[in-house]
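Have the structure open as you read.

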Amino acid sequence: MDRKIGIIGYGSMGRMLVEKFMDSQCVSAKDLLVANRTFEKIVHLKDKCTVCESNREATKEADIVFLCVRPVDMKDILLEIKEHIKEDSLLVSLNGSIMFEQIEQICKGKIAKAIPSVTAEVNQSQTLVCYNEQVTDADKECLTGLLSCMGMVIELPEHEMGMGSELVSCMPGFIAAIFQELCESAKKHTSLSESQIARMVLHTMEGTGTLMLEKEYSFEDVISRVATKGGITEEGTKVIQEQFPVVADDVFEKTLEKRRQTTEKARESFEG
Ligand SMILES: NC(=O)c1ccc[n+]([C@@H]2O[C@H](COP(=O)([O-])OP(=O)(O)OC[C@H]3O[C@@H](n4cnc5c(N)ncnc54)[C@H](OP(=O)(O)O)[C@@H]3O)[C@@H](O)[C@H]2O)c1
């Protein structure tokens with residue numbers, strides 16, 4: 001790709017994007033422009049990409065600018081770079097709580113949001129993207145091509161980014177928490193080591209996912225394949241089906257409420 005890519009913020013997300021773009025060689029060193037508030041943190045990149053001394057420098061020639069900063073820092077950065085964004089450039093916010101209408105109060109052009117998941121580290125991200133109305137199909141194709149270096153890219157309408165994030169971005173945490181409980185309980189009934197239990201469960205999770213995706217099995221299909229009537233698995237699945245719905249409902253009620261509060265806080269910080 002011969003487009004110039006600006007990255008503002010070299011924290012957890014910014015670093016991941018820089019590493020993925022460099023490793024996949026989808027952006028050349030001279031075309032990858034990186035800026036961070038604490039300049040010392042990016043000095044070591046100077047042989048691998050273009051290290052910028054200011055956010056303006058990372059913006060003024062970039063065709064796509066990724067804003068990898070916390071919501072509290074977003075408004076000041078937009079005010080700082082707005083005069084330097086090229087007319088046709090695409091601004092990509094990695095933050096899910098700040099809405100297009102807020103960014104558009106400062107920057108009127110093409111804006112996207114991109115939310116990668118932690119599984120991007122092993123190139124299995126399901127990165128969620130949404131776009132404002134100015135973004136063209138060619139821009140979408142370009143951003144999708146770029147983000148594909150770390151997995152799948154899924155476009156959603158802006159109002160579905162919240163639930164989308166629960167399903168792909170928060171889900172690794174939910175899955176880990178559920179299976180941690182199951183492993184803890186298994187430990188009480190066996191002399192197998194903790195790590196052996198975890199490995200067995202993890203490979204089973206991976207295998208079950210692959211089985212379902214490749215064979216297009218539904219959850220119901222898997223349950224009926226394994227939990228034969230009157231058998232052992234049925235005893236376990238019955239407990240889960242009876243007791244888990246309350247927990248599942250609570251998970252989404254709590255997280256979606258927290259998301260509403262975070263969005264409101266972001267709105268206030270923008271308007272303040
Ligand atoms: N972490 C995740 O798993 C995840 C997933 C999806 C989306 N996101 C979103 O991605 C965004 C970034 O999250 P993060 O976890 O990467 O945050 P982070 O680790 O705190 O990194 C934020 C970076 O922004 C830099 N920064 C702050 N103000 C700046 C300024 N004025 N100019 C240039 N750089 C500035 C900070 O520089 P210093 O070095 O000076 O602190 C820091 O390197 C957030 O909006 C978050 O909601 C995060």
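## Some ground rules

Two strands count as paired if DSSP finds at least two bridges between them. Strands (E, at least two residues) and helices (H or I, at least four) are DSSP runs, numbered from the N terminus. Residues are numbered from 1 along each chain as its sequence is written. The model is predicted, so local features need pLDDT of at least 70 and side-chain atom pairs count only at pLDDT 80 or more, while totals for chains, interfaces and linings use all residues.

Eight strands make an open sheet in the order 3-2-1-4-5-6-7-8, and the pairing is mixed. Strand 3 (50-51) and strand 8 (151-155) sit at the edges with a single partner strand each, so one side of each has no neighbour in the sheet.

Now look at strand 5 (residues 90-93) and strand 6 (residues 110-115): they run parallel and are joined by four bridges. Valine 92 has alanine 112 in strand 6 as its bridge partner.

## Two domains

The chain splits into domain 1 (5-155) and domain 2 (164-271), with bounds from an automatic or database domain assignment. Their C-alpha centres are 32 Å apart.

Where they touch, domain 1 puts in 13 residues and domain 2 puts in 11 residues; contact means C-beta atoms, placed from the backbone, within 7 Å. On the domain 1 side, helix 3 (71-81) and strand 7 each supply at least two residues, and helix 3 gives the most, with three.

Conventions: Contact = placed C-beta atoms within 7 Å.
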